[in-house]
Amino acid sequence: MSEYSKHRLFNNDCLDVLRQIKGRVDCIFADPPDNIGLKYSAHRDDLADEDYIAFLQEWLWHAIRKTLCIWLSYNTKWWANVGRIITEIEAHFGSSIEVKQCVQTFTFGQHNCHDLGNNHRPLLRIRWSDSLLYPDAIRVPSRRQLNGDKRADPRGRVPGDVFDFPRVVGNSKQRRRWCPTQLNEGLVERCLLLTTKPGDLVLDPFAGSGTTLRVCKRIDRRCILVETSPDYCEKIAEEHDLEIEKLPAEGRAVEGSRSSNSRFLKGQQTLFPLEEAA
Ligand SMILES: C[S@@+](CC[C@H](N)C(=O)[O-])C[C@H]1O[C@@H](n2cnc3c(N)ncnc32)[C@H](O)[C@@H]1O
């Protein structure tokens with residue numbers, strides 16, 4: 001097995017992959033498009049509001065059944081709509097589900113000299129109540145430690161629900177210029193360290209630049225990426241020496257490769273069970 005064969009990359013709509021997963025992944029990290037008119041290579045980021053909200057609703061209802069925990073980073077514009085969907089999910093599953101509202105605050109937010117600029121982004125965690133957390137894995141130096149206070153817990157402190165990580169812009173080493181938006185690797189890492197252990201399986205249904213895979217490699221998690229853009233898939237495949245798989249859309253025969261690029265597996269019928277990814 002090559003170093004990376006434990007990771008998989010699907011050039012698909014995430015709903016097609018979610019529907020075909022048998023069993024559950026340990027964690028889903030999701031950063032869907034914000035539907036604010038960004039220029040992606042394939043995705044159209046200007047759906048009618050009701051279509052976008054219906055999409056969020058559909059994939060969240062699928063996702064919660066296919067994982068122990070979901071992290072959802074989304075745009076403040078949609079907080080009321082996401083809140084409604086989550087309230088319905090909570091009402092359906094009752095105390096089996098636990099929802100945690102977190103927030104990402106960031107420097108390098110867009111400046112607005114006429115009003116308060118946007119410097120935060122909601123981050124939701126929805127998990128099955130009996131899933132495990134690993135808080136010791138995300139400890140950070142405490143104020144007491146930094147002040148040289150002898151009473152300080154030498155292990156540091158478990159951070160709170162505010163995630164302070166800058167946006168990935170400018171000359172950041174994390175930046176992949178071909179992707180119009182990407183999350184800070186530090187934020188994704190903290191989420192995954194808290195809710196998974198080494199060897200666990202993480203799914204990112206909206207891969208973008210492949211941030212989740214870069215983090216998974218660093219902290220030894222297995223990763224499944226799903227991305228509709230063939231261009232982004234090719235870039236990720238090249239960076240990580242992966243093959244691009246394509247599942248049949250539901251009820252349709254699988255399409256052959258869309259290009260002569262050998263990274264696309266032609267007519268690939270590979271399905272889960274997920275254990276095959278190990
Ligand atoms: C906000 S970006 C994700 C950025 C990513 N978190 C990162 O750090 O690089 C959203 C991505 O989802 C992709 N996408 C949009 N609709 C999709 C769908 N239905 N299934 C899979 N991917 C989709 C877009 O092409 C885009 O690359």
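Q: In which loop does Asp-220 lie?
A: First, two remarks on the model. It is a predicted model, in which local features need pLDDT of at least 70, side-chain atom pairs count only at pLDDT 80 or more, and totals for chains, interfaces and linings use all residues. Residues are numbered from 1 along each chain as its sequence is written. Helices (H or I, at least four residues) and strands (E, at least two) are DSSP runs, numbered from the N terminus. Asp-220 lies in the loop between α6 and β8.

Q: What is the phi of Asp-220?
A: Most residues other than glycine have a negative phi. The phi of Asp-220 is near 60°, a positive value in a residue that is not glycine. Asp-241 is also not a glycine, and its phi is positive, about 55°. Asp-241 is found in the loop between α7 and β9 (244–245).

Q: Is Asp-220 buried or exposed?
A: A residue is buried if 20 or more other C-beta atoms lie within 10 Å of its own, exposed if 12 or fewer, and partly exposed in between, with C-beta atoms placed from the backbone. Asp-220 is exposed because 12 other C-beta atoms lie within 10 Å. Asp-241 is likewise exposed, with 12 other C-beta atoms within 10 Å.

Q: Which residues of helix α6 are buried?
A: An α-helix has 3.6 residues a turn, so residues three or four places apart point the same way. In α6 (residues 211–219), the buried residues are Thr-211, Thr-212, Leu-213, Val-215 and Cys-216. They pack against β2 (27–30), α5 (185–195), β7 (201–204), β8 (222–226) and α7 (230–240).

Q: At what angle do α5 and α6 pack?
A: Axes are lines fitted to C-alpha atoms, for helices over the stretch in contact, and angles run from 0 to 180 degrees between N-to-C directions. The angle between α5 and α6 is about 55°, and their axes are 9 Å apart. Angles under 35 degrees count as roughly parallel, over 145 as roughly antiparallel, 65 to 115 as roughly perpendicular and the rest as oblique. α5 is therefore oblique to α6.

Q: Which residues make the contact between α5 and α6?
A: Two residues are in contact if their C-beta atoms, placed from the backbone, lie within 7 Å. From α5 come Glu-185, Val-188, Glu-189, Leu-192 and Leu-193, and from α6 come Thr-211, Thr-212, Arg-214, Val-215 and Ile-219. For classes, Ala, Val, Leu, Ile, Met, Phe, Trp, Tyr, Cys and Pro count as nonpolar, Asp, Glu, Lys and Arg as charged, and the others, Gly among them, as polar. The contact of α5 with α6 has five nonpolar, two polar and three charged residues.

Q: Which residues come nearest to the ligand?
A: A residue is near a molecule if its C-beta atom, placed from the backbone, lies within 6 Å of it. There are 21 residues around the ligand, and Gln-182, Phe-206, Gly-208, Ser-209 and Thr-211 come nearest. By class, this shell has ten nonpolar, eight polar and three charged residues.

Q: Where is Gly-208 found, and is Gly-208 buried or exposed?
A: Gly-208 belongs to the loop between β7 and α6. Gly-208 counts as buried because it has 24 C-beta neighbours inside 10 Å. Beyond its neighbours within four places in sequence, Gly-208 is in contact with residues including Asp-31, Cys-179 and Tyr-232.
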